[in-house]
Amino acid sequence: MNTAALDEEIERVSARLASLKAHRNSIAPISRLPTELLVDIFLRLPDLPCKIIMNVCHHWHAISSATPALWTRIELHSWDRQHFRSQLRLSGGLPLTVSIRMLDSRRAASSVLEHAGRIASLCIWGRDEYVLHFMQEMRHFAFPLLRSLELHPAVNDSIGIEGNNVMPPELLSGRMPILLELGVYRIDGPWQSLRALQSLSLRPAVELPMHTLLAVLEDCPDMHMLDLDMAAGRALPGRCHPVHLPRLRRLIIRDRAAVCTDLLAHLVFPLNTCLDLIPQAVHRGADLHDVMDAVHGNLRAQDAPAIRMMHFAGPASNNPEYYFTITTLAAVDSTAKIDNVEENARFAVTTHPEDSRARTEIVELVLSALATQSITHLNIVDAALTLAPCKAALTFLPALETVSLMLGESGSCFCEALLDSSRAHTLRGIHVYASVPNDAAEHTDSFILMLARLLESCRQSGKPLSHLKVEVAPVKNLLRADELWEDEEEFEAYEAKWAGIRCLAQEFVWKRLAPTVIIPFR
């Protein structure tokens, strides 16, 4: 058989194989789903890139290509004209959501803004010269469908060019008639032109006079989310009056402590509004006193939502550049770590204590302003605490039932604080997180010894701990020589360390989590 004949036979077999694969795919259960149902499933997965859907099979490729609604969300990391035009073509004439996270070209402005009439949401991040050029070009177009706009230039010297970072007045005075959400960073503008916004994230290049900011907010009574980042100066006597925001659901303030206090004194909002406060340069309890006084009435009001859980977060450091956050939640969150204020959060305050004593002062000040008598769960997995702040926290938690903590010095300190208080005998559950091999080598033995003393005390009081759960996370630290445990014998030897503690709780749960790799902050 010559080469030509072989090639012909290979082509025939390949065609037959492709036909068999297509037939196999066609009889699979998912291939028999109605097209309308399959499209509905795709639309409910907004984080799933359409290109992945297209590459699964010919059937899905045909369906996704013929469904414009799947292509209306155009998300680019940097400017990619070909990608933009391709997705634009597939989206038909539907309203668009356009997001560019690292704008790196002036050419993007003309290509995107040519379709301004279709854009319903626009988010532009990137180098300041490109973002600011994009913003200036926007004044030549109308945005009849635009409901959400976010402009975020990166920090760069060129932002200081006079007038370059001022939003064109015509944009806010008529070219975006149904704008509901606005987010701007280091951009100035005629903010008096804002009307009827429901969400505002504002970090102006130059802070506004307090009375000007309050006047802007007064024109937005339907505001439900307000994020103010170094947005205003101090309130001047006689120039400011209270502003009512009856629909506000979340308020975030990052500013000097005195400005936070002034804003809280002049904004009137519902008791169930989530407050997220980041006062700057708060290194001691005294620095936070006026801020907590300003929210004390809201947090302790009789009709305020009860809080069920408290979360502490912050690394072990006496460096005031490091944060310490206290968060309260209206419902118990079973997850170990909370990176952001969750939907059911009621209050959060972030400080930068200069030492352990200052951290204790802040714990006492914040908890004394909260209605802590209803808190049943405490999560300190993300916090590095010494004995003093642990003891301070426990004096304000009479109903504490469950605590989640990290195996280590902080967890040992909290167990010791429980032993020294009357709270140990009311505790029902302890949830321990351990990362190995780090914690196994350094802290496990001392922690287990302290935990055993605590549980033995509970048992002798006639109220043994109901539930003890230990979750072990194999972790590889890329900046250390630690290696992931792969040998089952290593895990068995580590689990054996806990054998003597199992009988001290009515229920003991051991769980191994999936391995993770971390790159610590340096």
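How much accessible surface does the chain have, and what share of it belongs to carbon and sulfur atoms? The accessible surface comes to about 25,700 Å², by the Shrake-Rupley method with a 1.4 Å probe, where for residues only the protein chains shown count as cover. Of that surface, 52% belongs to carbon and sulfur atoms.

This is a predicted model: local features need pLDDT of at least 70, side-chain atom pairs count only at pLDDT 80 or more, and totals for chains, interfaces and linings use all residues. Residues are numbered from 1 along each chain as its sequence is written, and side-chain values use heavy atoms, with hydrogens and water left out.

**Whole chain**
- The chain holds 17 helices and 20 strands (DSSP runs numbered from the N terminus; helices are H or I with at least four residues, strands E with at least two).
- Of the 522 residues, 47% are buried (under 20% relative accessible area; exposed is over 50%, partly exposed in between; 1.4 Å probe, protein chains only).
- Among contacts (heavy atoms within 4.5 Å) with a separation of 6 or more, 70% join residues 24 or more positions apart.

**Ser111**
- Ser111 sits in helix 6, residues 107-113.
- Ser111 counts as buried because its relative accessibility is 15%.
- Beyond neighbours within four places in sequence, Ser111 contacts Trp79, Arg81 and Phe84.

**Asp219**
- Asp219 lies in the loop between helix 9 (210-218) and strand 7 (225-229).
- Asp219 counts as partly exposed because its relative accessibility is 33%.
- Leaving out residues up to four places away in sequence, Asp219 touches Gln192, Leu194, Arg195 and Ala196.
- Asp219 and Leu194 are 25 residues apart along the chain, with 7.3 Å between their C-alpha atoms.
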